[in-house]
Amino acid sequence: MFYGFSEPTSDTLLPDLHPLEQHVFILVLDLSETLIYSDWKRDRGWRTFKSPGVDTFLEHLDQYFEIAVYSDQLSMYVDPVIERLDPKHCIRYRLSRGATRYEDGKHYR
């Protein structure tokens, strides 16, 4: 098994906090089925939607937390979705498949 496919891409998931931010908590949210959801219909295929109230939700929580979003998808798919989801840049960190451990055919956080 190749190291790059079984282990996270780095030893730490997030950078160290600045000393003035040591009191700030990090809130990790799952991208799929929390912030967005997908719907499939035979006549139009897959569509992805923002969950109701997600803009207000992120803006409110951004006042109190550093927000990280996790998805088990590859970053090349996650990054464009987050760019459209969060135009005000409330989400500080993005964790994707590269932040997971791969064991027995599954990705674990």
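This is a predicted model: local features need pLDDT of at least 70, side-chain atom pairs count only at pLDDT 80 or more; totals for chains, interfaces and linings use all residues.
**View 1. The whole chain and its order of elements.** The chain holds 3 helices and 7 strands, and, read from the N terminus on, these elements follow one another as α-β-β-β-α-β-α-β-β-β. Of the 109 residues, 27% count as buried, while the accessible surface of the chain comes to about 8,200 Å², with 54% of that surface belonging to carbon and sulfur atoms.

**View 2. The largest cavity and its lining.** The count comes to 1 cavity of 30 Å³ or more, and the volume of the largest cavity is about 30 Å³. Its lining is made up of Ile82, Glu83, Asp86, His89, Ile91 and Arg94, which by class amounts to 2 nonpolar, 1 polar and 3 charged residues. Helix H3 (75–85) and strand S5 (91–95) each contribute at least two residues to this lining.

**View 3. Ser96 and the residues around it.** Ser96 is found in the loop that runs between S5 and strand S6 (101–103). Is this residue buried or exposed? Ser96 has a relative accessible area of 13%, and because buried means under 20% relative accessible area, Ser96 is classed as buried. When neighbours within four places in sequence are left aside, Ser96 is in contact with Tyr70, Ser71, Gln73, Leu74, Ser75 and Val78.

How values were computed
Residues are numbered from 1 along each chain as its sequence is written. Side-chain values use heavy atoms; hydrogens and water are left out. On a 1 Å grid over the protein atoms alone, a cavity is a set of points where a 1.4 Å probe fits but cannot get out, and a pocket is an open set with protein on both sides within 12 Å along at least five of seven lines; lining residues have an atom within 4 Å of a point. Grid points are joined across faces, edges and corners, and a volume is the space filled by probe spheres set on the points. Helices (H or I, at least four residues) and strands (E, at least two) are DSSP runs, numbered from the N terminus. Ala, Val, Leu, Ile, Met, Phe, Trp, Tyr, Cys and Pro count as nonpolar, Asp, Glu, Lys and Arg as charged, and the others, Gly among them, as polar. Buried means under 20% relative accessible area, exposed over 50%, partly exposed in between (1.4 Å probe, protein chains only). Contact means heavy atoms within 4.5 Å. Accessible areas come from the Shrake-Rupley method with a 1.4 Å probe; for residues, only the protein chains shown count as cover.
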